[in-house]
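Subject: Handing over a structure

Hi there,

Here is the structure I promised to pass on to you. Have a look at it first, and then read on for my notes.

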Amino acid sequence: MKKQLLLLVFLMMGWHSAYAQIPDGSIAPDFNATDIRGFSTNLYTVLDSGYTVFLDVSATWCGPCWGYHNSGAFEGLWDQYGPEGTNEVRIYFIEGDASTNEACLHGPSGCVGGTQGDWTAGTLYPIIHTQGPSIASSYQINYYPTIFGICPLDKKVYEVGQLPTSGLYDFIGTHCLPPPLVITTNSVTKIKCHGTNTGAIDITPSGGVPPYTYLWSNGATTQDLNNIPAGTYTVIVRGQADTEGISDPIEVEGPAAPLVLTLENSTPVGCNGLLGTATVSAAGGWDANYTYNWQNGQLGETAYNLTVGNHIVSVTDDNNCKVSITVNMAPVVYPTASIADPNTITCSQPSIQLNGTASSSGPDIVYQWFPGVGGNIVSGGTTTTPTVDAPANYTIQVTDLVTTCISYAVKNVPANLVQPDANAGPTQTISCLVPEATLQGTGSSGSNFSYLWTVADGGNIVSGGTTLTPVVNAAGTYTLKVTNSINGCTRISTTTVNGIPAPMLNTTSGTLNCIASSVALITTTNAASPTFKLDGAQWLYLLPAKPYGERFWIL
């Protein structure tokens with residue numbers, strides 16, 4: 001009577017209870033069971049093997065259950081898609097009513113609780129009786145028959161209803177196919193420094209059928225990539241049940257050029273407490289927002305007040321790549337002050353040019369010369385080549401305007417201004433009886449000395465004008481010049497030559513012819529008490545000479 005009332009309720013409600021079954025999409029409760037043939041099974045083991053499981057939860061006394069059981073829907077599903085077919089599904093008949101005994105599955109004989117007939121006839125799939133009621137309870141059965149489909153990938157259970165074989169199989173396509181395998185790129189780490197293997201890719205796969213395997217374009221088989229160089233990467237993720245996903249290209253960026261740090265310029269450590277500076281410049285890398293850090297704590301491209309020694313400076317780019325260089329501040333360097341050995345001031349070279357060109361030079365170098373006692377700078381006192389005209393010590397001061405360091409050099413300028421000896425000798429006298437005289441000059445002697453006589457006041461040099469003893473034949477002034485060829489110095493000395501001049505004569509002339517057979521010649525002279533002599537003519541008579549020096553000749 002109880003079973004009949006329950007069946008009536010099911011029929012009145014269209015086999016539905018007012019209470020919901022286990023919700024569709026729930027995780028199917030696992031169970032262990034032994035079928036009436038003695039074969040044990042575990043639901044999750046079957047699901048994990050990739051089979052879609054169908055449960056027919058019925059009661060042997062249930063008429064609609066018997067009707068669906070005999071519809072051939074499960075038999076067709078088992079034959080086509082079970083172990084002897086495509087091997088995609090497993091089917092279990094679950095006796096859900098605890099009040100019936102196992103005999104009810106074989107027909108009325110010995111049945112307690114009621115049966116519609118022999119449920120085992122022609123049924124090749126497993127029939128579970130002993131654990132059936134507990135399975136029905138775990139699935140919250142409220143009516144018979146309840147047909148469930150359980151997907152292998154996610155173990156989710158759905159009530160599929162009393163469908164024909166094709167409808168049951170379609171359930172697999174609509175509910176149990178794995179979702180698309182999707183690859184999500186969580187993060188991409190750029191290369192830290194150019195040329196390094198510091199990139200990384202972090203991905204998360206979803207969908208498909210876990211567990212997953214990975215094959216990256218660089219051959220890696222891990223889920224994520226670490227310590228990789230810049231480049232483009234793809235990954236193929238494979239799951240179970242032939243699920244597969246391929247990522248879009250993933251770009252691991254790297255800087256176009258290495259990060260470099262160079263010393264642009266510096267000012268050296270100088271004198272008088274002057275400290276150095278240095279300026280650096282970065283290029284390449286992730287070329288934005290460079291950060292400079294000096295070992296002494298200074299920030300920025302330029303460091304100030306640097307002492308002698310090494311100073312480390314680093315630059316960090318926008319991706320935290322860091323490079324360092326060492327800037328060396330050399331010890332104080334004094335400029336070079338140097339003077340070449342000077343020439344000697346002489347009579348022929350009264351001024352010379354000093355040569356300080358071996359001293360330091362450059363736009364920051366200045367010069368200043370200082371003369372010692374007796375010295376004199378004619379010009380160029382702030383150049384490396386001043387002109388001086390006096391013997392003395394001369395000092396060059398070389399100053400480096402950048403370092404304020406000063407150096408000095410001193411050279412003595414010698415002089416050779418010694419005059420040679422020169423003496424024209426004593427006064428000489430010439431006359432008509434002694435018409436020539438040899439001057440007796442003296443002077444410095446040697447191959448480097450030369451002599452030169454010059455005349456004035458009527459003097460005349462016959463010979464030896466470049467010797468100390470020239471021959472002269474005229475009264476006058478004679479000057480001796482002695483020259484030292486080494487220093488060009490000269491000295492002169494003057495002497496005189498005195499003499500009686502020859503008397504002056506003046507004779508008139510006449511012409512002899514046929515008419516004038518004789519002529520008178522008149523000779524005059526300035527000589528006192530002269531004597532006369534006529535050569536080369538026949539004279540007739542001679543008139544007496546006049547006292548004042550006149551004589552008449554008759555020819």
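In what order do the 3 strands of the open sheet stand? The order is β25-β28-β29, and the pairing is antiparallel. Strands here are DSSP runs (E, at least two residues), as helices are (H or I, at least four), and both are numbered from the N terminus. Two strands count as paired if DSSP finds at least two bridges between them. β25 (365–371) and β29 (406–413) stand at the edges with a single partner strand each, so one side of each has no neighbour in the sheet. On average, neighbouring strands of this sheet are turned by 20 degrees against each other, direction ignored; the axes behind that angle are lines fitted to C-alpha atoms, and angles run from 0 to 180 degrees between N-to-C directions. β25 pairs with β28 (residues 392–400) over 7 bridges, in the antiparallel sense. Within that pairing, Ile 365 stands opposite Asp 400 in β28.

Before going further, please keep in mind that this is a predicted model, in which local features need pLDDT of at least 70 and side-chain atom pairs count only at pLDDT 80 or more, while totals for chains, interfaces and linings use all residues. Residues are numbered from 1 along each chain as its sequence is written, and side-chain values use heavy atoms, with hydrogens and water left out.

Now the whole chain. The protein chain has 6 helices and 43 strands. Its C-alpha atoms fill a box of roughly 225 × 70 × 35 Å along the principal axes. The radius of gyration is 71 Å, whereas a compact globule of 555 residues would have one near 24 Å (taken over C-alpha atoms; the globule rule is 2.2 Å times the number of residues to the power 0.38). Of the 555 residues, 39% count as buried (under 20% relative accessible area; exposed is over 50% and partly exposed in between, with a 1.4 Å probe and protein chains only).

Next come the charges. The structure holds 3 salt bridges (a side-chain nitrogen of Lys or Arg within 4 Å of a carboxyl oxygen of Asp or Glu). In one of them, Lys 155 meets Asp 48 at 2.5 Å, N to O. Lys 155 lies in the loop between β7 (146–150) and β8 (156–159) and Asp 48 in helix α2 (residues 43–48), so the pair ties together parts 107 residues apart in sequence. Lys 155 is buried at 17% relative accessible area, while Asp 48 is exposed at 55%. The charged end of Lys 155 also sits over the ring of Tyr 44, 5.2 Å from its centre (NZ of Lys or CZ of Arg within 6 Å of the ring centre and within 35 degrees of the ring normal).

Asp 341 and Lys 411 form another salt bridge, at 2.7 Å, N to O. Asp 341 lies in the loop between β22 (322–329) and β23 (345–346) and Lys 411 in strand β29, so parts 70 residues apart in sequence are tied together.

Finally, the rings. There are 11 aromatic pairs in the whole structure (Phe, Tyr and Trp rings, the last by its six-membered ring, with centres within 6.5 Å; planes under 30 degrees apart are stacked, over 60 edge-to-face and the rest tilted). Tyr 68 and Phe 74 have their ring centres 5.8 Å apart and their planes at 75 degrees, so this pair is edge-to-face. Both residues are buried, and one aromatic cluster includes Tyr 68, Phe 74 and Trp 78.

Best wishes
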